[in-house]
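Subject: Structure handover and findings

Dear colleague,

I am passing on the structure we spoke about, and below it you will find my notes on what turned up when I went through it.

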Amino acid sequence: MPGLEAPDPNRSAQQPMQFAARRLPRLLPLAIAVALLGAGLVLAAGNPAAAQAPQSKVTINGTAANKWEPANAAVRTGGTVTFRITGGVTHPVHSGDGSNPEGDDRFDASDCGLENMSKVGDSCQVKFPKAGTYPYFCQVHFSLGMKGVITVGTSAGGATTTTASGGEAGGSVVEPPSAAAPPSSGRPAIYWAGWGLFALGALLALVLIALYVRFWPGFRRPKS
Ligand SMILES: [Cu+2]
């Protein structure tokens with residue numbers, strides 16, 4: 001920069017720069033804070049796999065309106081779904097889409113029969129050892145639309161790794177086209193906003209450090 005190389009001591013030109021340089025250490029924490037805020041947003045929003053990972057335990061309530069709440073649920077491979085009667089009277093659970101009123105045997109609903117699911121407070125559990133899509137319905141209120149779909153395994157992205165037995169990692173699972181879960185819509189906007197803030201803060205910090213080194217009086221180059 002020519003200003004610093006001027007032969008004259010040139011205080012009138014130097015002092016404003018020094019004055020500005022004195023403020024830099026105060027701006028630096030601000031820049032770092034902006035960068036950290038951005039990084040925090042990235043970490044919070046940027047891991048949809050973790051955010052959307054199915055739980056190992058899910059509870060579905062059979063309500064007084066003769067609906068399942070939530071009707072569609074996701075559970076981890078090897079996870080357990082609890083059906084609980086919170087209203088209405090009888091909500092025995094059957095596996096299947098209801099086309100067969102007796103249900104099918106895609107999952108074991110033997111603990112969810114009428115004898116266990118006849119009054120408010122009753123509940124039953126079904127374990128889902130294998131990934132897949134499992135429709136279910138209330139044997140009594142199917143005609144009222146009391147049905148739903150349980151998606152077992154990770155639904156985001158379509159192809160994921162799960163084990164059939166343990167629920168950690170293993171074979172590849174591709175959801176059938178009829179899977180109830182919508183396709184992943186990618187990362188949320190706040191994720192990219194976080195990256196933007198992080199980049200802005202980091203750039204600002206770098207510029208401030210460069211200015212500080214360049215103009216802080218203690219760093220001034222000895223005049224030749
Ligand atoms: Cu019912």
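I begin with the covalent cross-link: with 105° about the S-S bond, the link of Cys112 and Cys124 is right-handed. The two cysteines are 12 residues apart and the pair links distant parts of the chain, with Cys112 in the loop between β4 (93-95) and β5 (123-128) and Cys124 in strand β5. Please keep in mind throughout that this is a predicted model, and that the S to S distance of 2.0 Å in this disulfide is a value computed from its atoms. A search of the whole structure finds one disulfide. Both partners are buried, since Cys112 has a relative accessibility of 0% and Cys124 one of 5%, each of which falls under the 20% limit for a buried residue. Cys138 is likewise buried, with a relative accessible area of 0%.

On the overall architecture, the protein has four helices and nine strands, and read along the sequence these follow the pattern α-α-α-β-β-β-β-β-β-β-β-β-α. Of its 224 residues, 35% count as buried. Among the contacts with a separation of 6 or more, 64% are accounted for by residues 24 or more positions apart. The protein exposes about 13,100 Å², and carbon and sulfur atoms supply 62% of that area.

The surroundings of Phe128 can be followed in some detail: leaving aside its neighbours within four places in sequence, Phe128 is in contact with Val75, Arg76, Thr77, Gly78, Gly79, Val81, Phe107, Tyr134, Ile150 and Val152.

Val58, which lies in strand β1, is buried, with a relative accessible area of 13%. When its neighbours within four places in sequence are set aside, Val58 is in contact with Ala73, Ala74, Val75, Thr80, Val81 and Thr82. Val58 and Val75 are 17 residues apart in sequence, while their C-alpha atoms are 6.4 Å apart in space.

Two features of the backbone deserve a look in your viewer. The peptide bond from Glu69 to Pro70 is cis, with omega near -5°, and Pro70 has its place in the loop between β2 (68-69) and β3. Asn66, whose place is in the loop between β1 and β2, has a positive phi of about 60° although it is not a glycine. Asn66 also counts as buried, because its relative accessible area is 16%. For comparison, most residues other than glycine have a negative phi, and most peptide bonds are trans.

As for charged pairs, a search of the whole structure finds one salt bridge. The partners are Lys119 and Asp122, with the closest N and O atoms 3.1 Å apart. Asp122 counts as buried, since its relative accessibility is 12%.

Finally, there is the surface and helix α4. Trp192, Trp195 and Phe198 make a nonpolar surface patch of about 340 Å². Trp192 lies in helix α4, which covers residues 189-215, and it is exposed, with a relative accessible area of 52%. Ala193 lies in helix α4 as well, but it counts as partly exposed, at 40% relative accessibility. The C-alpha atoms of Ala193 and Leu41 are separated by 7.8 Å, and these residues are 152 residues apart along the chain.

Definitions and conventions:
Residues numbered from 1 in each chain as written. Predicted model: local features only at pLDDT ≥ 70, side-chain atom pairs only at ≥ 80, totals over all residues. Heavy atoms only, no water. Disulfide = S-S within 2.5 Å. Buried < 20%, exposed > 50% of the residue type's maximum accessible area, 1.4 Å probe, protein only. Patch = residues over 30% accessible without salt bridge, like charges linked within 9 Å, V, L, I, M, F, W, Y side chains within 5 Å. Areas by Shrake-Rupley, 256 points an atom, 1.4 Å probe, with all protein chains shown as cover. Salt bridge = Lys/Arg side-chain N within 4 Å of Asp/Glu carboxyl O. Contact = heavy atoms within 4.5 Å.
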